[in-house]
Amino acid sequence: MTDKTGIERLLAIMATLRDPERGCPWDREQSFATIVPFTIEEAYEVADAIERGDMDELRDELGDLLFQVVFYAQLAAEAGHFDFDAVVDAIVAKLTRRHPHVFGDVRVDSAAQQSEEWERHKAAERAAKSGETVPSVLDGVGLALPALSRAVKLQRRAARVGFDWRELSEVLDKVGEELDEVRVEVMAGAGRARLTHEIGDLLLACSNLARFAELDPEAALREANGRFERRFRRIEEWLAAEGRRPEQSSLEEMEQLWRRAKGEELTEE
């Protein structure tokens, strides 16, 4: 095995793990559907390592993510659909096709022009796949994406054909409008279905605000989650020092400790 390339070694290990006789029982039981949650988790762990600037961790997480690709290819090969080489051939062909300014005679003078060319190539590919159905600029936006990420991607696609706000102030007004509608439903004692509808609209407007501000709402929310976790853990630490748990304190006391934890972070900044 030492004479093989890195990817060849990984492919051989994957095949061994799936071997009906000497493979791993867990790996043999897996299917396309059962490993999807692990793939999503590994992608998030890659993002987390990048955000923390931990290159050693990033190396390991990229390996885990690569293993997911190899796993899918092994399952597909066993079912007679395609193998890992076919996956590589497909992405090589796609990248070559979508970069005629690099691998062909087309001239592109800016990143903006390249983005337009890229979208034209993707639109042509979507139209070819659509068959008799009416092709849409929204085709190909995966349903399995996190909802916030998918919202931004849908809005970006629509914006490319002119369906977009003109300026940031309009998006802010829309967020305010949606918040008012949520408030009306709450005050009216609306049921779950109405609240789900209105809060969904509010979240969609907030994702649009992030897009317009050129921010990633998933990254912004992850950062906010991190702040919440750090501050709440500090509350728990301070209460534990007094021999108490959060449920043994009042909301007012925890609010005061929250402000103290927030003040600590501001001081450190």
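# Helices and single residues in a predicted model

Me: What makes the length of helix 9 (residues 168-187) agree with its number of residues?
Reply: In this predicted model, the 20 residues of helix 9 should span 28 Å at 1.5 Å a residue, and the end C-alpha atoms are 29 Å apart, which agrees. The expected span is 1.5 Å times one less than the number of residues.

Me: Which residues of helix 9 are buried, and how do you know whether they line one face?
Reply: Glu170, Val171, Val175, Glu178, Val182 and Glu185 are the buried residues of helix 9. Seen down the axis, they fall within an arc of 145°, so they line one face of the helix. Asp173, Val184 and Met187 are exposed on the other side of helix 9.

Me: What covers the buried residues of helix 9, and what follows the helix?
Reply: Helix 10 is included in what covers those buried residues. Just after helix 9 comes Gly189, with a positive phi of about 70°.

Me: What makes the phi of Glu214 worth a remark?
Reply: Glu214 has a positive phi of about 60° although it is not a glycine. Most residues other than glycine have a negative phi. Glu214 sits in the loop between helix 10 (192-212) and helix 11.

Me: How do you know whether helix 3 and helix 11 are roughly parallel or roughly perpendicular?
Reply: Helix 3 (residues 32-52) and helix 11 (residues 217-241) pack at an angle of about 70°, and their axes are 12 Å apart. Angles of 65 to 115 degrees count as roughly perpendicular. Helix 3 and helix 11 are therefore roughly perpendicular to each other.

Me: Which residues make the contact of helix 3 with helix 11, and how do they divide?
Reply: Helix 3 contributes Tyr44, Ala47 and Glu51, while helix 11 contributes Glu218, Ala219 and Arg222. The residues of this contact comprise three nonpolar, no polar and three charged.

Me: What makes the length of helix 12 (residues 251-268) agree with expectation?
Reply: Helix 12 has 18 residues, which should span 26 Å at 1.5 Å a residue; its end C-alpha atoms are 26 Å apart, which agrees.

Me: How do you know where the buried residues of helix 12 lie around the axis?
Reply: Met254, Leu257, Ala261 and Glu265 are the buried residues of helix 12. They cover an arc of only 85° around the axis, which puts them on the same side of helix 12. The face turned away from that buried side carries the exposed residues Glu252, Gln256, Arg259, Leu266 and Thr267. Helix 11 is included in what covers the buried residues of helix 12.

Note on methods. Residues numbered from 1 in each chain as written. Predicted model: local features only at pLDDT ≥ 70, side-chain atom pairs only at ≥ 80, totals over all residues. Heavy atoms only, no water. Axes fitted to C-alpha atoms, helices over the stretch in contact; angles between N-to-C directions. Helix = DSSP H or I, 4+ residues; strand = E, 2+ residues; numbered from the N terminus. Parallel < 35°, antiparallel > 145°, perpendicular 65-115°, else oblique. Contact = heavy atoms within 4.5 Å. Nonpolar A, V, L, I, M, F, W, Y, C, P; charged D, E, K, R; others polar. Buried < 20%, exposed > 50% of the residue type's maximum accessible area, 1.4 Å probe, protein only. Arc of directions from axis to C-beta.
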